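Hi,

Here's the structure I promised to pass on.

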Amino acid sequence: MSRLKLQHGVSRIRRAKLQSSIDQTVLDDIELMAKWSNNETQYIVNELLRFAIAQEEDFLRYKASLPASAASNAKPGTLPVKPISATAAKPDSPVSSNAAHA
């Protein structure tokens, strides 16, 4: 499995607003990681999300199968949703309604 590597003091990037609620324990860890790495919390969240997305092979194959313009210009909710096959579903690991949504 890959490892997340944060660069210290590199958090000045163009941003788009994403409003989401996350568990307090996750927020505490993100804030501590930001302090430790001398970065803004937004940078930490971006890096964590990039890392998680890079680990999701099925999504990356799906994204690669889209026309280039659709993948780069899409707004939330405009892409067709890929149905989950019965074998890909994991009934023993339910998604909490309190989990963060990207």
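Which helix is the place of Leu60? Leu60 sits in helix H3 (helices are DSSP runs of H or I with at least four residues, strands are E runs of at least two, and both are numbered from the N terminus).

Before going further: this is a predicted model, where local features need pLDDT of at least 70 and side-chain atom pairs count only at pLDDT 80 or more, while totals for chains, interfaces and linings use all residues. Residues are numbered from 1 along each chain as its sequence is written, and side-chain values use heavy atoms, leaving out hydrogens and water.

The protein chain has four helices and zero strands. Of its 102 residues, 11% count as buried (under 20% relative accessible area with a 1.4 Å probe, protein chains only; exposed is over 50%, partly exposed in between).

Back to Leu60: it is partly exposed, because its relative accessible area is 34%.

Now the inside. The largest nonpolar core is made of five residues, Leu6, Ile30, Ala34, Tyr43 and Ile44 (a core is a set of buried Ala, Val, Leu, Ile, Met, Phe, Trp, Tyr and Cys residues joined through side-chain atoms within 4.5 Å). Helix H1 (24-37) and H2 each give at least two residues to this core. Leaving aside neighbours within four places in sequence, Ile30 is in contact (heavy atoms within 4.5 Å) with Ile22, Thr41, Ile44, Val45 and Leu48.

Cheers
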